[in-house]
Amino acid sequence: MTMIFGVPLQALLGQLMLGLINGSFYALLSLGLAVIFGLLRVINFAHGAQFMLGAFTALLLAKHLGIGYWFALVLVPLLVGLFGVIIERTMLSRLYKLDHLYGLLFTFGLALTIEGTFRYFFGSSGLPYSAPAALQSPPVNLGFMVLPRYRAWVIVASLIVCLATWVLIEKTKLGAYLRAATENPTLVQAFGVNVPLLLTLTYGFGVALAALAGVLAAPVYQVSPLMGSNLIIVVFAVVVVGGMGSIMGAIVTGYALGLAEGLTKVFYPEASNIVIFVIMAIVLILRPAGLFGKEA
């Protein structure tokens, strides 16, 4: 049996694959955070609650309306994204001209409200959500491990969504308008572009990404009011390491830190829960703007 630093190669590759699955969720969630901060300059602390809201919406649609996973994958991001649009138009947009701290405090309060509401109605224990039959069996045999088909789908879906979002923002005319609106909204509005509508749709899109991640996560984790708050601190660390507002930084760092977490579970399991924060501290010491961030 091949060994690497005293660890069987099969065990090492297996943990790396599990790290890649976690990294898929980190990348997708941090991408939504990066989109919102990069284009609106709002630190969306409600992102974890919106992730949880996506999972619960999929669960409730299945339970009460019989809407299956594949329809939920499209419908839930639209519904939760619409909720984000309403929040942005009625409340968040009033805070843009104030200090960033007001946006953070507002979204933190929103997160507590959403989480508290769901804890009141559903308690703190998790509820199961089944993966679609097409993705339940047979598992994918990778040689070094047997990977459940649904987890393989999570990796593929996350990659597709992340790359499509990067192309949309970095390579299209709409993305150019969005980036320009954050730098000089007055000038962009003078060219006939509806900047407030762009900002509203951007926030809705970032919330929809969180909800999509929630639907993908529902069959993997228990659907619980606490599932977002357990993940959001790690995701914020990912965004900071990648560079606040950097789309590519969020994607690359999400997957990389998921892999780093998987490796740590092999060589030093006791540190697996803190390795991402240790990496964040080192990166901030060496490069305060993050790996892909722009120095002020």
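1. A nonpolar core is a set of buried Ala, Val, Leu, Ile, Met, Phe, Trp, Tyr and Cys residues joined through side-chain atoms within 4.5 Å; buried means under 20% relative accessible area, exposed over 50%, and partly exposed in between, with a 1.4 Å probe and protein chains only. The largest such core here has 89 residues, and those with the most contacts inside it are F51, V76, Y129, Y150, L216 and V223. Helix α1 (residues 9-40) supplies the largest share of this core, 14 residues.

2. On the source: this is a predicted model, in which local features need pLDDT of at least 70 and side-chain atom pairs count only at pLDDT 80 or more, while totals for chains, interfaces and linings use all residues. Residues are numbered from 1 along each chain as its sequence is written, and side-chain values use heavy atoms, with hydrogens and water left out.

3. Y129 is one of the core residues listed above. Leaving out residues up to four places away in sequence, Y129 is in contact (heavy atoms within 4.5 Å) with A58, L59, A62, G68, Y69, A72, A218, P219 and V223.

4. S158 belongs to helix α5 (residues 149-171); helices are DSSP runs of H or I with at least four residues, numbered from the N terminus. S158 is buried because its relative accessible area is 1%. A polar atom of its side chain lies 2.9 Å from the backbone oxygen of S24. Beyond four places in sequence, S158 touches S24, L28 and Y255.

5. Helix α8 (residues 195-217) has 23 residues and reaches 33 Å between its first and last C-alpha, close to the 33 Å expected at 1.5 Å a residue; the expected span is 1.5 Å times one less than the number of residues. Of the 23 residues in α8, 19 are buried. At the start of α8, a side-chain oxygen of N194 comes within 3.2 Å of the backbone nitrogen of L197.

6. For helix α10 (residues 247-267), 21 residues should span 30 Å, and the end C-alpha atoms are 31 Å apart, which agrees. At its start, a side-chain oxygen of S246 reaches to within 2.9 Å of the backbone nitrogen of G249.

7. L178 sits in helix α6 (residues 173-183) and counts as buried, since its relative accessibility is 10%. Apart from neighbours within four places in sequence, L178 contacts L39, L198 and T202.

8. R41 lies in the loop between α1 and α2 (47-65). Its phi is near 60 degrees, a positive value in a residue other than glycine. R41 counts as partly exposed because its relative accessibility is 38%.

Methods:
Helices (H or I, at least four residues) and strands (E, at least two) are DSSP runs, numbered from the N terminus. A polar contact is a pair of N or O atoms within 3.5 Å; within protein, one must be able to donate a hydrogen and the other to accept it, and residues adjacent in sequence count only if both atoms are side-chain atoms.
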